[in-house]
Amino acid sequence: MRFIARYAKELEESFEIVTVYEDEIQKEQISKDTPSIKTLVKIHPAAIWFERKMQDDFGIVVEDTFDKRPLVHQERFPKDIHPLRKSFQDKSLQEGEYVAYKYEAIKGDGVFQVAVGPIHAGIIEPGHFQFSQAGEEMLHLEVRHFYKNRGIEKMLEGKNLFEAKPIIERISGNESIAYQICWRDIVLQATGDKLPLALQKRHAFLLELERLIHHLTDLGFIPNDAGFGAALAYASKLAEDARRKMREFTRHRFGFGAIGFTNSFIDIASTREWLQELRESVVYFQEWIMDVPSLWDRFDTTGVLPLKKALKYGCVGVVARASGVANDRRINPFYLEHGFVMASEVSGDVGARFKVRLEEVHNSILMMENFLEEDDTELSLQDLQDGEYSSFCESSIGELFMTVDIKDGLIERFFVRDPSFINWQALHIMMRKDIIADFPLINKSCDLSYAGNDL
C-alpha cells in the first residue's frame with residue numbers, strides 16, 4: 001500500500017490516529033492519559049516526520065522509532081507545550097531553556113560537517129541543510145525546516161470553510177490554485193453539490209496555468225544553477241508573461257480568490273493566441289537547451305533518486321515521475337478526455353526532472369486550449385453538513401492531500417500534507433557521492449516548497 005499521510009486529532013475521551021494509504025484509511029484510538037503509538041518507519045520511512053510532528057503537536061509517544069527528536073519545535077520551544085491540544089489557547093509563548101538539536105552526522109578520519117542555512121544568500125525561505133563531507137563528496141545530508149511554522153492547523157480551528165479560504169489559499173504561493181481546488185472539493189462534499197462542467201474546466205485551466213508558471217521558473221533556474229544564466233533570462237520572461245496572465249484572469253498574480261462557484265469572462269481569442277506564442281517559445285527554448293553539451297554533463301547522472309527509493313519513500317510529483325513512478329492525480333476521465341498525457345522518465349537525475357517539466361509544460365498548453373470555453377455558469381451551494389471530508393489535487397509540485405472535520409458548522413480539525421513534506425525526506429538520497437557544488441542544482445531540480453512544508 002502506498003503511504004500518504006499520518007496525523008492525529010483530539011476527541012473528547014481519546015486521541016485518534018489516522019493513517020492514510022492509497023486504498024484505505026486506518027483509524028486507531030489511544031488513551032489521553034498515556035498516549036503512545038507504534039511506529040511505521042520500518043515499512044514506510046516517510047512516516048518519521050509525521051510521527052515526530054504528532055509528538056510535538058499532541059505529546060504522543062512513538063514507540064520503537066529510531067528518531068525521537070523534535071521536528072516542529074525549535075531549540076527554545078518550551079517543554080510540555082503541545083499546541084494542537086484543545087486545552088492550548090495561548091496566543092504567544094515564553095522561550096524555554098535552550099536545548100541543542102543533535103544533527104545526524106557521519107564521523108571518521110577526514111570527514112567534516114558543513115552547515116548551510118537556515119538563512120541563505122537570497123530571497124528563499126529558511127531551511128537548514130547539514131552535510132557530512134569527505135572532501136567535496138557529500139556522504140550524508142540532513143534536512144531541517146519548520147523555522148517559520150505559522151500554526152495554520154490551530155489557526156483554522158473554529159472558523160467556517162469560507163472564513164478559512166483566504167488562509168488556505170496562501171499556505172504555499174506556488175500552489176495557491178491547487179490548495180483552493182482541494183478546498184473546493186471539500187465544500188462540494190459537505191454540501192452534496194456537483195460542480196458544473198464549465199466551472200470544472202475553468203478551474204482546471206487555472207491549475208495548469210499555475211503549473212506552467214512554476215515549471216517555466218524552474219526551467220530557467222535549474223540551468224542557472226549549472227552556470228547557464230541565459231536560460232534563466234529567457235524562461236523568466238515566459239514565466240512573467242504567464243504570471244501576468246494569471247493576474248488578468250483572476251485579478252491576482254498568485255490567483256488568490258480565483259476558485260469559487262461563479263465563472264468569469266476570459267477573452268478566448270487572445271488567450272489562444274498567447275498559448276500558441278508560448279508553445280513556439282517553449283519549442284525554441286527546448287531545442288536550444290537540449291543542444292548545450294556542457295549543461296547536460298552537469299544534469300545527467302547528478303542527484304539520482306532510484307525507482308526503488310522513490311517508491312519506498314512514497315515520493316510524488318515531478319520527483320517521482322522522473323524516477324519512473326506512474327503517479328499523477330490527473331489520471332482520471334476528465335483530464336484524459338482533455339488531452340492529459342503523463343510525462344515520465346526513468347533515470348531519476350536532474351536531467352530527468354528537467355525533461356519531465358518540459359513535457360508537462362507542452363501538455364499543460366494543450367490542455368489549457370481544450371479547457372477554454374465561453375460560459376457564465378454559477379453554482380448555488382446548499383448548506384454545509386458536518387462530517388469528515390478529504391480531497392486530493394495534483395499541484396505543480398505533486399499530490400496535495402487535505403482533510404477537514406466540520407462540527408457544528410465549524411472546522412474542528414484541519415490537516416494538509418503538502419507534496420513537499422514527503423519529497424523533502426527523500427532529498428538526502430539524491431546527494432550521496434555527488435559534490436557539494438551540485439547541492440543547489442539538485443535541490444532546485446526538485447524545487448520543493450518551504451512554506452507548504454512549514455504549516
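**Close-up views of a predicted model**

**Figure 1. The whole protein chain.** The accessible surface of the protein chain is about 19600 Å², and carbon and sulfur atoms hold 51% of this area; such areas are computed by the Shrake-Rupley method with a 1.4 Å probe, and for residues only the protein chains shown count as cover. The model is predicted: local features need pLDDT of at least 70 and side-chain atom pairs count only at pLDDT 80 or more, while totals for chains, interfaces and linings use all residues. Residues are numbered from 1 along each chain as its sequence is written, and side-chain values use heavy atoms, with hydrogens and water left out. The protein chain contains 15 helices and eleven strands; these are DSSP runs numbered from the N terminus, with helices being H or I of at least four residues and strands being E of at least two. The radius of gyration, taken over C-alpha atoms, is 22 Å, close to the 23 Å that the globule rule (2.2 Å times the number of residues to the power 0.38) gives for 455 residues, so the chain is as compact as a globular protein of that length. Of the 455 residues, 57% count as buried, where buried means under 20% relative accessible area, exposed over 50%, and partly exposed in between (1.4 Å probe, protein chains only).

**Figure 2. The hairpin of β7 and β8.** Strands β7 (residues 128-134) and β8 run antiparallel and are joined by seven bridges; two strands pair if DSSP finds at least two bridges between them. Two residues lie between the strands of this hairpin, and G135 in the turn has a positive phi of about 70°. S132 stands opposite H140 of β8. Strand β8 (residues 137-144) is mostly covered, with six of its eight residues buried.

**Figure 3. A5 in strand β1.** A5 belongs to strand β1 (residues 3-10). A5 counts as buried because its relative accessibility is 0%. Not counting residues up to four places away in sequence, A5 touches V18, T19, V20, F50, F401, F415 and R417; contact means heavy atoms within 4.5 Å. E163 is 158 residues from A5 along the chain, and their C-alpha atoms are separated by 25 Å.

**Figure 4. G398 in a loop.** The loop between β9 (387-394) and β10 (399-407) holds G398. G398 has 0% relative accessibility and therefore counts as buried. Its contacts, leaving aside neighbours within four places in sequence, are V316, G317, C393 and P419. G398 and H215 are 183 residues apart in sequence, and 12 Å separates them in space, C-alpha to C-alpha.
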